[in-house]
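Here are my notes on this structure, point by point. Please read them with the coordinates open.

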Amino acid sequence: MKVPIIMLGSVSELQGYIDKTQLTEDLGGTLDYCHNRWLSRRTAIEGFAQKVKQTAQILQSFGTELAETELPSDVQSTSSLLATHTEKKDKMKEDIRLAVEQGDDILGSITQPVTENPEYKLNQDQLDNQTTVERLLAQLHETETAFDEFWIKHQQKLEQCLHLRNFEQNFREVKAALDIVSERLSAFTDVGNSCSHVEHILKDLANFEEKSHETVAKARMLASEGDAFIQSNHYAMDSIIPKCSELHHLCDAFTTETERRRNLLNKSLELHGILEKSMKWCDEGIYLLASQPVDKCQSQDGAESALQEIEKFLDTGAGNKIKELNKIYREYEHILSEDLKEHVQKVFQKQESMEEMFQKRQVSLKKLAAKQTRPVQPVAPRPEAFVKSPCTSPGLQSEYGSSSESSALRRVNYRRGKSEMTELHQSRGGSAMDDEENLAVLRQHVINELIETERAYVEELLCVLEGYAAEMDNPLMAHLISPELQNKKDILFGNMEEIYHFHNRIFLRELENYIEYPELVGRCFLDQMEDFQIYEKYCQNKPRSESLWRQFSDSVFFQECQRKLDHKLSLDSYLLKPVQRITKYQLLLKEMLKYSKNCEGAEDLQEALTSILGILKAVNDSMHQIAITGYDGNLSELGKLLMQGSFNVWTDHKKGHSKVKDLARFKPMQRHLFLHEKAVLFCKKREENGEGYEKAPSYSYKHSLNMAAVGITENVKGDAKKFEIWYNAREEVYIIQAPTPEVKATWVNEIRKVLTSQLQACREASQHRTLEQTQSLPLPASSCTSPSQNHIRNTKKMEEKKADLTSQEVYGITAAPKYPEKGWSKTSHSLDASEENDGWSSAEDPLNSSDAEEDGGGGGSEMKLTPGKYTVVTDYEKGVAEEFTVKSGDLVQLIREGEDGLWYVKNLSTGRDGWIPASNLLMLIGNSKSAQSLSSSESGTASSTLSTSSSCSDSCNVSSTSFSDIKG
């Protein structure tokens, strides 16, 4: 194809061929065109188109990701996923916004000429560009709208998922809380044993319901929230509906059960009110009978007046006594447990017994009112002197009227004889009967007080344990407890829970069994006496408890607990209750014993009183023992603490500087002594500053003496309050001055018991060893009297003698070791003998008593002369020669035997010789074959003191190897 080419020489020629409107301005035309602008605009349009395409692809990819995401199963993950997706969505929206702004800018630059000049017409190229940009913007808006719709659905699903997870988590927590309160509610099974007890339980139930109200309210609110989810067509309706139904059921069940428990307790309160009204009426009736003066009733007017009083009182029974027992059973069958049913029966029996007593009294008074009898001075004291006021009692013996009246009448007949007039017999018999009735009423009052105060005590312990101790473990109260107080419950309350369980489950129930037999209640105490030892642990912890209380008494936690319990007194007053209770028993036992001296259970009451006082003493001693400081060993290894007290102490030791000895002799030391079964401790009392138990003294340990090496001298010249404790054959002597002679006597007797028990243990070990050696070795020829024969003869003498020892007594046993060694394993041992061992001879027992010697019971005449050396076991200053004296521990040589149990000996320490009772000597080295055999082999059956003392030493050493030597 041939194209014509025209060569033009000027713009005017060009305009001849092409219209001006098609030519640009630089060619003289009117066409608005700039090539650079066209290029930049075209580039912008192509870039915008690419941006729209990429945005669509990103939104599609993000939508796919959201659609394929699995919903999490917990709150945290769901919240995190929702936050992540929301962040990505916001970024996508920002990209779309920027793309729209870019398109709007391009479109604005295209339509700018028209905007500036409305008459301006866009050329075809501009129109095409405008169309392209508008189409891209419309496409971008459609993509954004579709993404927004998808995001709304996705966001709603994620939010519903988050709501579901929160609902499920709250459901688990609320259900657990409901299970706890339901379990606690199920513990309210007790219907109470008295009005006060039932009122306390009702108060506890109300407090519990108040505390549980928040939990139940949360459950109901959560159930309403679930119902709202169901109404909004939640995607997980199948999971929410069962949970809501369960919540509604648990709340309704809890409310129903609480109401049922309250109704039962109200019925129980109503029943106990009836029972207590009946008991009070019976007590008032018994009091009325006991209060009617015997002398006034002997006259016709007095009898008629007493009858009127009785009839007036019986008229008040309509609204107070139980009329039909079966009606009570029918009306209150839902709350009648076996114990409560038994209690109802006892009250009804008491009521019948009281009415029977009234009938008998009415019969007697009618006889007196019908026939005038001459007045007789009554034997029994006026009941007003004994009975002060009526008190509530759960029961009373039915046989008071008949048995006491007949027995009293028999006693009167025995005293007065059959020759007295029948009228006088009746008068005296009635008086004695009233006396017995008065004592019975007083015993009943004591048992009533014991049981009622025991019930109140148990309730107070329960109140403290539930209102304070349990609240320390309550998570809802944890924010009120300071960190320093946490995990200190055992210190604050000690073993109060153990005490509560003992009294609630055992002791109170046992006491109630004796309500009809108050004079036998001593047996109840004796049967449970071992369990009362738990109070020792509580009292030992009391100083720590009180110290902790003083630190945190202002705690908000304790104030809140006190407010909930509506207590007027703070916790420390209730922590003192166990200490007060254990001291109260001995007072009640004394009262019961005073009114039961001629009753069957008087001996048990006396024994129970003694045992309770012993427990109080043990508790008091243990409180002092725990205050000992500075002792390196374990105090429990010293055996049971027997005595403790403060004394003046002088020391007199053989070893030491003479000036120190002289100073110690005249200057007493203040020491607090602790007597254990295996040792006696010397401590210095130090007063402490502080309050309460912190003000109690402490005892600084100084030294101790092993009881296996101790002897005592009961009397010291010049002072009836002094006695001696000597150690290692008087190598160390401690002169003890007691506050009073009575305290001294108590300590001496207790030390004597310890030493006697040790002696008995040594003797048994010696006899056992001797028996084994006798079976294995031939008996050596000896003229000595056997220990068993000696013991039999001396025992007979002791039984015949039965005399009290009044002069100075010295108890001791010493054994010289073959080889000197350190420690107590081979040192001398001192044991004591009790008063019943006066007749023991030194041949059988390494025991000597100056009192026995003076009474002729020392056994010296029965001690066979054996040449050799002896050791002196007791001081002697009454020899034939006044200048001849021996001290315990001195060695003497036997020269010859005299009469009346006296031996002539030479003191190897001083070189002097003279007469001394044989009972004061203990063989150390014998010259006879039998003695040599015994000393070498420590075996045989001859009556050698060395054999016995060696066995005693060996056996005692077994128990003393754990002790250290004397500590200064």
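1. I6, L8, Y17 and I18 make a nonpolar surface patch of about 380 Å². L8 is found in the segment before α1, the helix of residues 11-17. L8 has a relative accessibility of 33%, so it counts as partly exposed.

2. Now the overall picture. The model is predicted, so please keep that in mind for every value below. The protein chain has 27 helices and 14 strands. It has 968 residues, and 46% of them count as buried.

3. A word on contacts along the sequence. Take the contacts in the protein chain with a separation of 6 or more: residues 24 or more positions apart account for 72% of them.

4. How far apart are the axes of helix α7 and helix α9? The axes are 11 Å apart, and the two helices pack at an angle of about 180°. Angles over 145 degrees count as roughly antiparallel, so α7 is roughly antiparallel to α9. From α7, the contact uses W281, E284, G285, L288 and L289. From α9, E309, I310, F313 and L314 take part. For orientation, α7 covers residues 237-291 and α9 covers residues 300-315.

5. Next, the charged pairs. The whole structure holds 37 salt bridges. One of them joins the side chains of D148 and K93, at 2.9 Å from N to O. D148 lies in helix α5 (residues 124-186) and K93 in helix α3 (residues 75-110), so this pair ties together parts that are 55 residues apart in sequence. D148 is partly exposed, at 24% relative accessibility. K93 is partly exposed too, with a relative accessible area of 24%. There is a further partner here: K93, E144 and D148 are linked in a network of salt bridges.

6. Helix α5 also reaches α7 through a charged pair. The side chains of K175 and E246 meet in a salt bridge, at 3.7 Å from N to O. K175 lies in helix α5 and E246 in helix α7, so the pair ties together parts that are 71 residues apart in sequence. K175 has a relative accessible area of 24% and is partly exposed. E246 counts as partly exposed as well, at 31% relative accessibility.

7. E724 and R730 form a salt bridge, and their closest N and O atoms are 3.1 Å apart. Are these two residues buried or exposed? E724 is buried, with a relative accessible area of 11%. R730 is at 13% relative accessibility and counts as buried. The cut-off for buried is under 20% relative accessible area.

8. Last, a pair brought together across the sequence. N620 has its place in helix α21, which runs over residues 602-625. At 39% relative accessibility, N620 counts as partly exposed. Where does C539 sit relative to N620? The two are 81 residues apart along the chain, and their C-alpha atoms are separated by 8.5 Å.

How values were computed: Residues are numbered from 1 along each chain as its sequence is written. This is a predicted model: local features need pLDDT of at least 70, side-chain atom pairs count only at pLDDT 80 or more; totals for chains, interfaces and linings use all residues. Side-chain values use heavy atoms; hydrogens and water are left out. Patches are made of residues with over 30% relative accessible area and no salt bridge: like charges are joined within 9 Å, nonpolar side chains (Val, Leu, Ile, Met, Phe, Trp, Tyr) within 5 Å. Accessible areas come from the Shrake-Rupley method with a 1.4 Å probe; for residues, only the protein chains shown count as cover. A salt bridge is a side-chain nitrogen of Lys or Arg within 4 Å of a carboxyl oxygen of Asp or Glu. Helices (H or I, at least four residues) and strands (E, at least two) are DSSP runs, numbered from the N terminus. Buried means under 20% relative accessible area, exposed over 50%, partly exposed in between (1.4 Å probe, protein chains only). Axes are lines fitted to C-alpha atoms, for helices over the stretch in contact, and angles run from 0 to 180 degrees between N-to-C directions. Angles under 35 degrees count as roughly parallel, over 145 as roughly antiparallel, 65 to 115 as roughly perpendicular and the rest as oblique. Contact means heavy atoms within 4.5 Å.
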